[in-house]
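Here is a protein chain to explore on screen.

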Amino acid sequence: MDEKKKVMLSGIKPSGDLTLGSYLGAIKNWAERAEQFDCYYFMADLHALTTRQNPADLRRRTLEQLAQYVACGLDPEKNTLFIQSHVPAHAELGWVLNCYTMFGELSRMTQFKDKSKKNADNINGGLFTYPALMAADILLYQPDYVPVGDDQKQHVELTRDVAQRFNNLYSETFKIPEPYIPKVGARVMDLLDPASKMSKSDDIGNGRVCLMDRPEDIARKFKRAVTDSDTDEHCVRYDPERKPGVANLMQIYASCTGKSFEDIETEFTGQGYGAFKTAVGDSVIEMLRPIREEAQRLMKDKSYLEALCKSGADKASYIANKTLRKVYKKVGLVPRT
């Protein structure tokens, strides 16, 4: 009898277009894990509502993200792909966990502080309590691992605390998940500001590369990428402290080509930054070309995407509702008949 696979789950908000950072830092790694793990990946559209969204754009981006997931190699036959709002158990468990998450815990969340500064005119209750919904997203599926970047590790730690608190009160209910942080390509930085992570919500977008960008736009963005003023003979070298822009480009190039930092340094010895940036841009263009073309094809097949939404939600709901029924019983809610 085959050993049961460990469960892995993650989601991305469709609040902006998926970027090169989204792919190299998360989705590319997801696609490689289907044989090892039982994987659940979702479009976190409920989380997107904490900031004001254009309704038509949100619907479009959600379906585009689903198409891009598939185009990036997430086989729907091997991974459960679904839209968060299509599984009502997320919102239902989110409310219950709100009642077991402390005010002080929420107020200490780094992303709440950061987003409050960026959205000073819309500091709503959802922005404050969304970590409880994130905990529900995770705990519904009893995952062993949650693949996250370093900036999201705090949310998994809070999820673990809330799950342990609930288990201590009502007996074993939730599996305590572990963060799963990839060592390579985990954090792709902005091309114009290498001190900041490449963001889906960058309004201008000149420092980010999106999966659906045209080749000529990708090439232009890399030509304008920040390096530094160092002009010594071995200018292309991996030095995140002194040369963060170059280090970011080297990490991108390494992720696209499989080359080591040492190989890259050797390849561009005696060459200027111009040749290096062109090579990085070309490698990204060729890596993203089949993804963009396949996503465009899938977006034209509405019946396929609708069927995929339904089958994914049905499978996710079956697992999620088992957890929700257990939680409802333990907290004393009358069971549905």
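## Before you start

This is a predicted model, where local features need pLDDT of at least 70, side-chain atom pairs count only at pLDDT 80 or more, and totals for chains, interfaces and linings use all residues. Residues are numbered from 1 along each chain as its sequence is written, and side-chain values use heavy atoms, with hydrogens and water left out.

Helices (H or I, at least four residues) and strands (E, at least two) are DSSP runs, numbered from the N terminus. When you read "contact", "touch" or "meet", think of heavy atoms within 4.5 Å.

## Helices around α12

Let's begin with helix α1 (residues 20–31) and helix α12 (residues 273–299), which pack at an angle of about 80° with their axes 12 Å apart. Axes here are lines fitted to C-alpha atoms, for helices over the stretch in contact, and angles run from 0 to 180 degrees between N-to-C directions. The pair is therefore roughly perpendicular. As for the wording, angles under 35 degrees count as roughly parallel, over 145 as roughly antiparallel, 65 to 115 as roughly perpendicular and the rest as oblique. On the α1 side, L20, Y23 and L24 meet V284, M287, L288 and I291 of α12. Sorted by class, the residues of this contact are 7 nonpolar, no polar and no charged. In that sorting, Ala, Val, Leu, Ile, Met, Phe, Trp, Tyr, Cys and Pro count as nonpolar, Asp, Glu, Lys and Arg as charged, and the others, Gly among them, as polar.

Helix α10 (residues 244–257) also packs with α12, at an angle of about 40° and with the axes 9 Å apart, so these two are oblique to each other. Their crossing is left-handed (the near helix is turned anticlockwise from the far one by less than a right angle; clockwise would be right-handed). Residues of α10 in this contact include V246, L249 and M250, and those of α12 include Y273, F276 and K277. By class, the α10 contact with α12 has 12 nonpolar, 2 polar and 1 charged residues.

## α3 meets α13

At what angle do helix α3 and helix α13 cross? The axes of α3 (residues 55–71) and α13 (residues 302–331) cross at roughly 85° and come within 11 Å. That makes α3 roughly perpendicular to α13. L63, L66, A67 and V70 of α3 make the contact with Y304, L305, L308 and C309 of α13. Here the classes come out as 8 nonpolar, no polar and no charged residues.

## Two nonpolar cores

A nonpolar core is a set of buried Ala, Val, Leu, Ile, Met, Phe, Trp, Tyr and Cys residues joined through side-chain atoms within 4.5 Å. Buried means under 20% relative accessible area, exposed over 50%, and partly exposed in between (1.4 Å probe, protein chains only). In the largest core, with 55 residues, Y69 and F222 touch the most other members. Helix α12 gives the most to this core, with 12 residues. A second, separate core of 39 residues includes Y100, F112, F128 and Y141.

Zoom in on F222: leaving out residues up to four places away in sequence, its contacts include L20, L191, L249 and G281. G281 sits in helix α12 and is buried, at 2% relative accessible area.

L81 lies in strand β3 (residues 79–83) and is buried, with a relative accessible area of 2%. Beyond its neighbours within four places in sequence, L81 is in contact with residues including Y69, V70 and L308. The C-alpha atoms of L81 and F42 are 39 residues apart along the chain but separated by 5.6 Å.

L191 is found in the loop between β5 and α9 (215–223), and L191 is buried too, at 2% relative accessible area. The C-alpha atoms of L191 and N248, 57 residues apart along the chain, are separated by 7.9 Å.

## Two positive phi angles

Most residues other than glycine have a negative phi. Q142 is not a glycine, yet has a positive phi of about 50°. Q142 lies in the loop between α7 (125–139) and β4 (145–147) and counts as buried at 18% relative accessibility.

S171, also not a glycine, has a positive phi near 80°. Look for S171 in the loop between α8 (153–170) and β5 (178–180). Is S171 buried or partly exposed? At 41% relative accessibility, S171 counts as partly exposed.
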